Amino acid sequence: MGVLVLLALLFGLRRGEALGLMWSSFDADARTLRVTHAVKRIKNRSPNATTRTRIVISELKTKRSRRTLCLTPELIEVIRRHRSAHHQERLQAGESWTEHGLMFPTSFGNPSDPDTFSHLFSRLARKAGLGHWHPHELRHSGASLMLAQGTPLHVVSEVLRHASIAITKDVYGHLLEGERRAATEAISTALLGKQSPVAPNDKEDTG
């Protein structure tokens, strides 16, 4: 789960998008990973269904939903190690394995249940002393980290695939107060110069 959580955090992925990442979308040479599918639970409308819902892999239909993630050499190495472990798991499953091409399937190759992932993640968060966290918190945390590192708001909006930058500003605008203050101070210094603080002994004698 570690690599799954890492990618969701770094790129602000929704849980279905993270679970739907495909090996065919990973290009180590180009240092990219494309987001093209999502795993989700839907109503089971089959007349012979024995369960009310079922888990499916769906292709992301809108151009805005599909995107290409840029990977660092360190991330590529992490994904390669995960692929080796994934290959070993597939060998252990043998004929019980069902291939779907997913990077983060179950131990038998099937798409992972998003709700199960949420429960496991929440349990790990509580053990880590973070309280009750939902995987969507990773998306918020990733955006907050990007802004804290000075990533422009429009870039964060693009990474999160918000419909408009206004949405990103409404959700994360409060995190930009420090940047706005720094910008004002920089302009003030350029136009007015930097004033030295007045020492207590330098105060004008009014006695």
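**A guided walk through the predicted model**

Strands β1 (residues 26-27) and β2 (residues 32-35) pair in the antiparallel sense over two bridges. Strands count as paired if DSSP finds at least two bridges between them. Helices (H or I, at least four residues) and strands (E, at least two) are DSSP runs, numbered from the N terminus. This is a predicted model, in which local features need pLDDT of at least 70, side-chain atom pairs count only at pLDDT 80 or more, and totals for chains, interfaces and linings use all residues. Residues are numbered from 1 along each chain as its sequence is written, and side-chain values use heavy atoms, with hydrogens and water left out.

Stay with the hairpin. Aspartate 27 has threonine 32 in β2 as its bridge partner. Four residues sit between the strands of the β1 and β2 hairpin, and arginine 31 takes a positive phi near 60 degrees there. On to the next pairing. Strand β5 (residues 67-70) runs antiparallel to β2, and four bridges join the two. In this pairing, valine 35 stands opposite arginine 67 of β5. Strands of a sheet pair through backbone hydrogen bonds, either parallel or antiparallel.

The structure holds seven salt bridges. A salt bridge here is a side-chain nitrogen of Lys or Arg within 4 Å of a carboxyl oxygen of Asp or Glu. The side chain of arginine 67 meets that of glutamate 17 in one of them, at 2.7 Å, N to O. Arginine 67 lies in strand β5 and glutamate 17 in helix α2 (residues 15-19), so this pair ties together parts that are 50 residues apart in sequence. Burial is judged by relative accessible area: buried means under 20%, exposed over 50%, and partly exposed in between (1.4 Å probe, protein chains only). Arginine 67 counts as buried at 5% relative accessibility. Glutamate 17 counts as buried at 5% relative accessibility.

Another salt bridge joins the side chains of arginine 41 and aspartate 113, at 2.5 Å, N to O. Arginine 41 lies in strand β3 (residues 37-43) and aspartate 113 in the loop between α3 and α4, so the pair ties together parts that are 72 residues apart in sequence. Arginine 41 counts as partly exposed, at 35% relative accessibility. Aspartate 113 is buried, with a relative accessible area of 17%. Both belong to a network of salt bridges that links Arg15, Arg41, Asp113 and Asp115.

A further salt bridge lies within one helix. Glutamate 77 bridges to arginine 81, with the closest N and O atoms 3.7 Å apart. The two are four residues apart in helix α3, so about one helical turn separates them. Glutamate 77 counts as partly exposed, at 38% relative accessibility.

The largest pocket has a volume of about 370 Å³. It is lined by 19 residues, of which Met1, Leu4, Phe104, Pro105 and Ser112 lie nearest its centre. The elements giving two or more residues to this lining are α1 (2-11), α3 (73-93) and α4. Helix α3 provides the largest share, four residues. On a 1 Å grid over the protein atoms alone, a pocket is an open set of points where a 1.4 Å probe fits, with protein on both sides within 12 Å along at least five of seven lines; lining residues have an atom within 4 Å of a point.

Helix α1 also holds valine 3, which counts as buried at 18% relative accessibility. Valine 3 and phenylalanine 104 are 101 residues apart in sequence, yet 9.0 Å apart in space, C-alpha to C-alpha.

Met1, Leu120 and Leu124 make a nonpolar patch of about 250 Å². Patch residues have over 30% relative accessible area and no salt bridge; nonpolar side chains (Val, Leu, Ile, Met, Phe, Trp, Tyr) are joined within 5 Å, like charges within 9 Å. Leucine 124 lies in helix α4 (residues 114-127). At 47% relative accessibility, leucine 124 counts as partly exposed.

Notes
Areas by Shrake-Rupley, 256 points an atom, 1.4 Å probe, with all protein chains shown as cover. Points joined across faces, edges and corners; volume = space filled by probe spheres on them.
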